There are 2 protein chains.
Amino acid sequence: MTSLRSLLAGAAALALGASLPAQAPDRAREAAFDAQIDPAEQMRWLKELASGPNHVGSPHDKANAEMILRLFRSWGWDARIETFQVLYPTPLSTTVELVGPTRVKLGGQEPPVAADDTSAVKGALPPYVAYQGDGDVTADVVYVNYGMPEDYKALERRGVDVRGKIVVARYGVGWRGLKPLLAQWHGAAGCIIYSDPHEDGYAKGDVYPKGGMRPDFAVQRGSVMDMPIYPGDPLTPDVGATADAKRLTRAQATTILKIPALPMSYGDASKILARLAGPEAPDGWQGSLPFRYHTGGDGTVKLHLAVKSDWSLKPVYDVIATMKGATLPDEWVVRGNHHDGWVMGAADPLSGNVAMLAEAKALGALAKQGWRPKRTLVYASWDGEEPALLGSTEWAEAHAAELKAKAVLYINSDSSGRGIMEASGSHEYQHLVNEAAADVRDPETGVPMVQRQRAKLQVEALTEGGRLSPAQTAAADKGADVPLAALGSGSDFTAYLQHLGLPALDFGFSGESQSGGVYHSLYDSFHHYTTFDDPGLKYSAALAKLAGRVVMRVADADTPATRYGDFADTVASYLDEVKKLAETRRTGDERLGQLIQADAFRIAGDPLKPVSAPVAEAPTPRFDFGPLEKAVARLRRSATAFDESYANRGVRLAPERRQRLNAALRDIDQLLLDPRGLPGRPWFRHMIYAPGRLTGYGAKTLPGVREAIEDRRFDDARDYIGRTAAVLDAYAARLDQARGVLEGRGS
Amino acid sequence: MTSLRSLLAGAAALALGASLPAQAPDRAREAAFDAQIDPAEQMRWLKELASGPNHVGSPHDKANAEMILRLFRSWGWDARIETFQVLYPTPLSTTVELVGPTRVKLGGQEPPVAADDTSAVKGALPPYVAYQGDGDVTADVVYVNYGMPEDYKALERRGVDVRGKIVVARYGVGWRGLKPLLAQWHGAAGCIIYSDPHEDGYAKGDVYPKGGMRPDFAVQRGSVMDMPIYPGDPLTPDVGATADAKRLTRAQATTILKIPALPMSYGDASKILARLAGPEAPDGWQGSLPFRYHTGGDGTVKLHLAVKSDWSLKPVYDVIATMKGATLPDEWVVRGNHHDGWVMGAADPLSGNVAMLAEAKALGALAKQGWRPKRTLVYASWDGEEPALLGSTEWAEAHAAELKAKAVLYINSDSSGRGIMEASGSHEYQHLVNEAAADVRDPETGVPMVQRQRAKLQVEALTEGGRLSPAQTAAADKGADVPLAALGSGSDFTAYLQHLGLPALDFGFSGESQSGGVYHSLYDSFHHYTTFDDPGLKYSAALAKLAGRVVMRVADADTPATRYGDFADTVASYLDEVKKLAETRRTGDERLGQLIQADAFRIAGDPLKPVSAPVAEAPTPRFDFGPLEKAVARLRRSATAFDESYANRGVRLAPERRQRLNAALRDIDQLLLDPRGLPGRPWFRHMIYAPGRLTGYGAKTLPGVREAIEDRRFDDARDYIGRTAAVLDAYAARLDQARGVLEGRGS
């Protein structure tokens, strides 16, 4: 499900921090691990796993789970399949047709492409989006650009009303699922989401099969469940969807949409859009189809949209493999990647899954040679990620108590590609990730991965300097650690990080592959992946070396391989952003009020293309950030003091104190949860990282405060300044306590 | 010829300056003037003038000159036609055809459009560009994006060579004439320039005749003479092209290109571009045609391009009308607008010309009622602007001595449109222009024009704040004067400002009209203009009221209606820009060297799409801007002191001292010329304003210094720091002298 994560979404890094006290990595063992990684074998696994449609409930999805189970077992892992019963709708019928001004049938299955042999394999679901509402509507059409809140404001200013109409939104900017949700909020009767060639078609590169980008007949499937409320089975929030779980009714489930929606190719969408009348689309709404876009909404075009789904429960098959830790068996390092796709799923998710399998095979081989990790390893190949993070969420909810008591870190991957290493996650692991990335060579250039990351930032700083964050600039200019991006959602780390409060990491490569062009279509295939994305699976092999190293270093460290100053600095940079946001909003609101008062929008506007003035909203007040500023300052002091003490004393620690230090730090991230969760979405409890309510995948940091300011919930903002300060204070206090252990104080 | 001038290219303005000492405008007379302005009459003139092709040498061009002459005379002006004989090539044959991989005939005349009756009128020249070289070539094709210097660098980094090939450049970014010139410099054999729908086609609005933007069959004609060297007749630089003028041979004329070139519609261009192979075009090169753009250059596509012109001399007919001044007859206010077009020329230039005629009629009526301007008015309807500013330049050169002795200001207009008032020019007139714009009401909104300008800046500041200059921000936020943009070239003010050193102003309206969509095509017609650009010619009437007011206020002022602090502040802001440019270049060069050294471009780059590192060029040194800083500081002191003294003493000045003050200030702008001119182009002598060598129309301020830094001619930069300081010192000394007159000192 992972979409492109931007290298440019970073956070502050310590230019030079204390060194990690965890013992030096065992380079001989890591070399032995690397020797087991065989891209040719990964190619064979990928070819088999991607040989048929493997969506939830398909025969090949089950076969893949069984194949993965067999492989784990063959490598000596203790493996089993855990099954959950989840509400997952599959389409019984999908209808979309122009009925006015002329009749044109649209939609249906994507056609086979001669160069791509799996594109002719039967059994794929037709293009659809999961968890939309059943319905049958015929209505006027309005083009809503990306279908984001500001797009609806732009329509209102032009007098275009979407109530009772079918909106056509293009993919991009916001997460897919928000488009029909916002359409529904604005009173629309239905929603089409199409792939404009501007985003991932010919405007970005040659189209498949000549190149890798989206041709005019490829459709992006996907989930439109309201996952920013809660992911996983809509009927079993907070608990595992076991056979005997207590379930909501479908009507009670708040994450299922009410209106029908379908995805569409740009070949089909152009037949609708080219016919729209009404005002010309506002600046910035023009995509790359060869005509002027209009908003429609004047009755010229009528569309018939009907979707009916099979709403029965379906099984998801999580493959769970464990290797018991030798000395700290009750501390778990969890590593996951899903195995279900929308169709063949070669890039998404199998490119990451075969990397994870390669790690498991190599670890199994090390174990056969006598090695045992200190901590227990849990490798999970999730099912049902695509519809709603089903497999990972249900497993997390089913095993919540044990995970909260034992898990030290969750490490994720998903679809990967070719190019630059991208790492996101909990910032106390930032330095460990940089160290690991310094020890794995980039397959194309032969330099350490972190050096390539830095060169990329350097070239970007030269050509488009202003777009780098201060931490990225420090990495580019001063050789500081390359910052981790913040995690939002969009893959299986979500329940572990956002709901359980485990630290999490996510790895992948991107920038040079073209899997975005066939994302969630029939053509995300072995042929596409090995031709346009990662020929020879060199990067899938590199991903195994990187993630495997992190797994081993965390699992084998006597005491945590963490550096808390990096986390503290990053949080401080988030607070700076939020304060700047508040001030920008406040002065902007003031200025807007003055311009409305002065009638400046009418005076400046073109009366032949009337656009009313923006509606003034409740003006942003000045906030008292004092409690949060104090908490961040305390966090920085505590983190710096701990890191220094740890660097000096950490490696020479007596076993009994090691144990107490581990105990003090194992669940420190869980202190970042507030049991009340975020406003309106209590499932999301993390006060530092969250998926945005209106970004879907994209991270919002300090979300309780930031989103409240953005959404003008000013009382919430004040409340969450306090709540966020409180979790940071608890975190700092725990660091102080851990430093007491280091320094021989305390009980 | 004027293309869109950006509101965003501004300069620093005094937030609050001294008031102008010139006597208050005679509002009763201005009301009487306004009462004569009749948009319906302007419509009739426009319809007649735009009823047939009126390019240089066409029968209708001559008929238009004669009609304009009759009109001036009928209003009581002393009018005549002055004729020059100029080298102006017209096409005998234009051939362009694909010959490989398949044969497709391209080019030829634009087709008639049913809704537009003049589009069926015969006699138009076929689409071509003037002053290209005759030639007949068949060659491989390379797409060069906008054909600007950085585009050639990007091609070189991708290993694509244009030598001996035909380049296809899209219109935009740089001036048309630079595209074949740069192609020639890089060894290309020919050049096609086409209108991509991204710039002025369906990506910008509905296309003609449904809307006003460029359809796939409309072609932009234009000049490709190397006018940044010198405009006007290529055979008679510096002198008027009178019948007996001494002429260069065609081979001696440095402004005529050597290679053949033709303009093209996007309908035709897509047939070439869609077939190109070779590397995918770099980021930012993709236009709005519905396929991925490639660079070509690999032999897949072959084009045949052949042009042959009639290089005989042709007549240009300038209509010159004068109204003698009552008390200062030897001080001239010159007002001009050209009358020749590329085809029907309704927007360009006739929309401005009918405004000028309306002024002349109204001034004639005032004269019949007994008024006489204090200074002499010279109204000029120029011919031959489109090919090379022929009429205005030859007249300026023919009358150079008299103009330098008498002219106090040149006021220009050209194609105009609907929307926001745009004013450019010499900054000592900035306050006068703002005062005039406060006294004319915007036709659409009923508010004073300057209020609408300010509202537009306010709305832009809110939505895209960072793009406004400090002076524009001051106008938007603090009600300071709206800054004048700097004049480059592209219309008839050029010879007067850049060569003779007269102060100049240029007026027009834009932002809401769509004449850009048919610019220089057959469809720049009465139908288009009155449908999509300025229905009812309300803005053409408003232009007459604005320009007429400025003419009257300057002509009737006892002493100059100028404020020198505005000029000084603007020059100071230019110096800030140039210093920032030098520093950005210096640090960028240093950083680039480090990255090349570190092999960062290879490491960061995609080896499957190889792009070599940029070539390091001579690094920008630190410059000693001291002399220029001192001169600017002195200028500011002298200007402020003069303005204050003038505000206090100016209106009460005794007649003898008025005369001495006028004498001291009349030619002060000529002190800004350096007789050596700019490096490599001595015709351009102004040290503050110039058209860029590589922008064509766009202004470069402090050009001797700024362009030398940009072009890495560092010795020139040092030389012109001194030369520019010297002209500013002379200007400041003259202000001191004029203040001496005000204050009763001096001889």
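In the predicted model, 60% of the 747 residues in chain A are buried. Chain A comprises 23 helices and 18 strands. Its C-alpha atoms occupy a box of roughly 80 × 60 × 55 Å along the principal axes. Of the contacts in chain A with a separation of 6 or more, 81% join residues 24 or more positions apart.

An open sheet of seven strands is present in chain A, with the strand order E1-E11-E13-E12-E14-E16-E15 and mixed pairing. Strand E1 (78-87) and strand E15 (419-425) of chain A form the edges, each pairing on one side only. From one strand to the next, the twist averages 20 degrees. Within this sheet, strand E11 (residues 313-323) of chain A pairs with strand E13 (residues 375-382) of chain A in the antiparallel sense, over five bridges. Ala321(A) has Tyr379(A) in E13(A) as its bridge partner.

The contact between chains A and B involves 35 residues from chain A and 34 residues from chain B. On the side of chain A that touches chain B, two or more residues each are contributed by helix H13 (449-464), helix H18 (564-597) and helix H19 (600-604) of chain A. H13(A) supplies the largest share of this side, seven residues. The composition of the side of chain A that touches chain B is 17 nonpolar, eight polar and 10 charged residues.

Methods:
Residues numbered from 1 in each chain as written. Chains lettered and ligands numbered in written order. Predicted model: local features only at pLDDT ≥ 70, side-chain atom pairs only at ≥ 80, totals over all residues. Pairing = 2+ DSSP bridges. Helix = DSSP H or I, 4+ residues; strand = E, 2+ residues; numbered from the N terminus. Axes fitted to C-alpha atoms, helices over the stretch in contact; angles between N-to-C directions. Contact = placed C-beta atoms within 7 Å. Nonpolar A, V, L, I, M, F, W, Y, C, P; charged D, E, K, R; others polar. Buried ≥ 20, exposed ≤ 12 C-beta atoms within 10 Å, placed from the backbone.
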